[in-house]
Amino acid sequence: GDTHGRRPQHVFFTWGDPRYAFDTEAFNCEKSLLVSGFTYGAAPSGKPQQTEELRARLKAAGARFTVALFDNSFGDFHITRAMTVRFYRAFLRWLLEHEEAGLVIKPKKPKLFAELQEIQGLLGQAKATGRCVELSGALGKFPVDAAGCADVSVGIFLSTAVIEAAVCGYRGVHCDLSRLHRHPFYRWGQGKVVFDDEHKLIEAITQHMLDPSRAPDLGDHAPVLNELDPFRDGQAGRRVGEYMKWLLDAFDAGMGRDGAIAFANERYVGAWGADKMIRLVDRQVGGEGGRAQGRFERSAAGECG
């Protein structure tokens with residue numbers, strides 16, 4: 001069956017409103033959804049001077065406007081190899097056509113990126129300009145390591161990497177070649193933060209590069225930042241740790257699983273607010289592929305299901 005987005009845990013921590021990561025047709029959490037904020041904060045994994053050195057290197061090669069590119073695993077039902085090739089071809093050609101453009105590429109899986117033979121010729125030409133850099137040690141880096149070198153980040157599909165960049169204060173755009181038009185971003189951000197055509201996206205980026213006043217909202221997630229991460233303080237780990245302590249205290253006191261979760265949930269809501277717990281209600285099975293559907297609502301306590 002379709003297991004994409006399935007989350008069967010009894011307790012699941014999410015950065016913010018889970019509809020921005022999983023739509024309600026795919027989300028399958030049976031119990032507690034707790035908003036904890038983005039886990040890693042805004043600090044790059046590498047040394048700050050490495051980011052500055054990369055920016056300086058691109059600038060010295062002539063790049064006055066740089067785009068960070070984030071791909072994703074391909075071959076599932078959302079992202080195909082052909083989409084990934086289209087994505088890279090569009091931006092590599094854009095770089096070669098604009099002498100003031102720069103690219104920082106952070107592949108999700110460098111081995112898969114290296115196997116994309118269809119783009120190797122263009123990639124070699126782009127790298128030869130000095131304005132196209134593949135981030136070294138990509139598996140050990142966070143998206144912010146690339147976003148911090150760029151004027152705007154672009155990710156294929158509805159990109160978690162772009163959302164990471166956005167909650168850390170950077171501009172980011174989703175190149176949704178799968179055209180998942182039911183995603184909430186389309187309701188307010190089509191042509192701003194989400195595009196379903198790579199050519200229209202390239203045109204918008206070019207306009208912003210040449211004259212930012214022509215596309216001032218490009219990549220600006222400000223309207224939904226509170227939904228993506230209501231905290232944005234880099235303290236998600238502390239909140240999760242506190243919850244785990246309350247849960248373990250309840251187990252030590254002899255409470256069973258459900259009682260311990262209810263106790264920890266009550267403490268969490270008391271500390272951070274009723275809006276930091278989310279329930280999936282009106283749950284039913286049906287629709288395309290027989291997937292579960294429903295709507296999310298905030299709750300002071302209890303379970304979802």
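Colleague: Which residue stands opposite Gly155 in β6?

Modeller: Strands of a sheet pair through backbone hydrogen bonds, either parallel or antiparallel. Here Phe70 stands opposite Gly155. Strand β3 (residues 65-70) pairs with β6 (residues 152-156) in the parallel sense over 4 bridges; two strands pair if DSSP finds at least two bridges between them. Helices (H or I, at least four residues) and strands (E, at least two) are DSSP runs, numbered from the N terminus. Please note that this is a predicted model, in which local features need pLDDT of at least 70 and side-chain atom pairs count only at pLDDT 80 or more, while totals for chains, interfaces and linings use all residues. Residues are numbered from 1 along each chain as its sequence is written, and side-chain values use heavy atoms, with hydrogens and water left out.

Colleague: In what order do the 6 strands of the open sheet lie?

Modeller: The order is β5-β4-β3-β6-β7-β8, with parallel pairing. The edge strands, β5 (132-134) and β8 (194-195), each pair on one side only. Helix α8 (residues 198-210) packs on this sheet and touches β3, β4 (101-106), β6, β7 (172-175) and β8; contact means heavy atoms within 4.5 Å.

Colleague: Which residues have the most contacts inside the largest nonpolar core?

Modeller: In soluble globular proteins, nonpolar side chains tend to be buried together. A nonpolar core is a set of buried Ala, Val, Leu, Ile, Met, Phe, Trp, Tyr and Cys residues joined through side-chain atoms within 4.5 Å; buried means under 20% relative accessible area, exposed over 50%, partly exposed in between (1.4 Å probe, protein chains only). The largest core has 55 residues, and Val67, Phe91, Trp94 and Val154 have the most contacts inside it. Helix α2 (residues 81-97) gives the most to this core, with 9 residues. A second, separate core of 13 residues includes Leu54, Ala63, Leu135 and Cys149.

Colleague: Why does Cys149 count as buried?

Modeller: Cys149 is buried because its relative accessible area is 3%.

Technical notes
Axes are lines fitted to C-alpha atoms, for helices over the stretch in contact, and angles run from 0 to 180 degrees between N-to-C directions.
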